[in-house]
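Reader: I have a structure open and would like to learn how to read it. Can you take me through some features?

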Amino acid sequence: MATVGPYGEAEKNEPARPLALPSPSVHPAANDDEEAARAAAAAAGDTAANKRPRSPQYLRRRRCVIWCGGCCVTSAVVVGIVILVLALTVFKVKDPELTMNRVTLEGLDGDLGTSRHPVSVNATLNADVSLRNPNVASFRFDRSETDFYYAGETVGVAYAPEGEVGADSTVRMNVTLDVLADRISPNVNATDLIFGQDYNLTSYTEISGRVNVLGIYKRNLDIKMNCSITLEVSALSTVQSKSTNCVASVS
């Protein structure tokens, strides 16, 4: 007969089971604190290592590197300032100066002409021109041309060969041309040739050239000059310019 337990259920013969042991407590916060402590200890060790005194050789090398770097920077600044000052003063390309010094008539010869032009005048005009170069480098110029006008008519054209003006130097050029007699004769009479008469000429000169300073600063220049010349013409005296007024421009 089966035994009925107090709850009305049949008791069964079952094997005994061991009691479960409690699991060990887990403390993650404690582990984090340990890792932080180890990291702090390592950092403190590195700081202590960094605070160790440097060797004399290391300090000397460091001072040498700093000194050399400072010298290089200072030298670069000084060189830059010197180049800037030279570029704005000494090496600055200045405008050449073109001057008409005087104009003379040579070989003046007056003859009897035709009924339309009673007097025929032949002469050679000589112009003394100077070109000054104020730059520290030479000025090379091309072939130049000078035109002379009287009463609105061209009475002569003169050419000067190409050349060179040295640094801070001046060259003088003599421009010679034959006056076109048929252009000036209608305005001349015998009385003017004997007693003298003033004649107003104008001239136009153009010179093109270039200045090259050390191959760095280069500039092409065009010099233009207009002159008003008064000649006192007389068969009894030497014919020279009485006055000369010139205006020059450089571009």
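**Reading strands, burial and patches**

Author: Start with Thr-230, which lies in strand β9. Keep in mind that this is a predicted model.

Reader: Is Thr-230 buried or exposed?

Author: Buried means under 20% relative accessible area. Thr-230 has 15%, so it counts as buried.

Reader: Which side chain does the Thr-230 side chain contact?

Author: That of Asn-200, in a polar contact of 3.1 Å.

Reader: Now the strands. How do side chains sit along one?

Author: In a regular strand they alternate between the two faces of the sheet. For pairing, look at β8, residues 197-213. Strand β3, residues 139-141, pairs with β8 in the antiparallel sense. Three bridges link these two. Phe-139 stands opposite Val-211 of β8.

Reader: How many bridges join β4 to β8?

Author: Six, and the two strands run antiparallel. β4 covers residues 144-150. Tyr-150 has Leu-201 in β8 as its bridge partner.

Reader: Where is Leu-214?

Author: In the loop between β8 and β9, the latter being residues 217-233. The cut-off for exposed is over 50% relative accessible area. Leu-214 reaches 63%, so it counts as exposed. Also check its distance to Phe-91.

Reader: Which residues form a nonpolar patch on the surface?

Author: Val-73, Val-77, Ile-81 and Val-85. Together they have about 350 Å² of accessible area. To locate Ile-81, go to helix α2, residues 56-88.

Technical notes:
Residues numbered from 1 in each chain as written. Predicted model: local features only at pLDDT ≥ 70, side-chain atom pairs only at ≥ 80, totals over all residues. Heavy atoms only, no water. Pairing = 2+ DSSP bridges. Helix = DSSP H or I, 4+ residues; strand = E, 2+ residues; numbered from the N terminus. Buried < 20%, exposed > 50% of the residue type's maximum accessible area, 1.4 Å probe, protein only. Patch = residues over 30% accessible without salt bridge, like charges linked within 9 Å, V, L, I, M, F, W, Y side chains within 5 Å. Areas by Shrake-Rupley, 256 points an atom, 1.4 Å probe, with all protein chains shown as cover. Salt bridge = Lys/Arg side-chain N within 4 Å of Asp/Glu carboxyl O. Polar contact = N/O pair within 3.5 Å; in protein donor to acceptor, adjacent residues only side chain to side chain.
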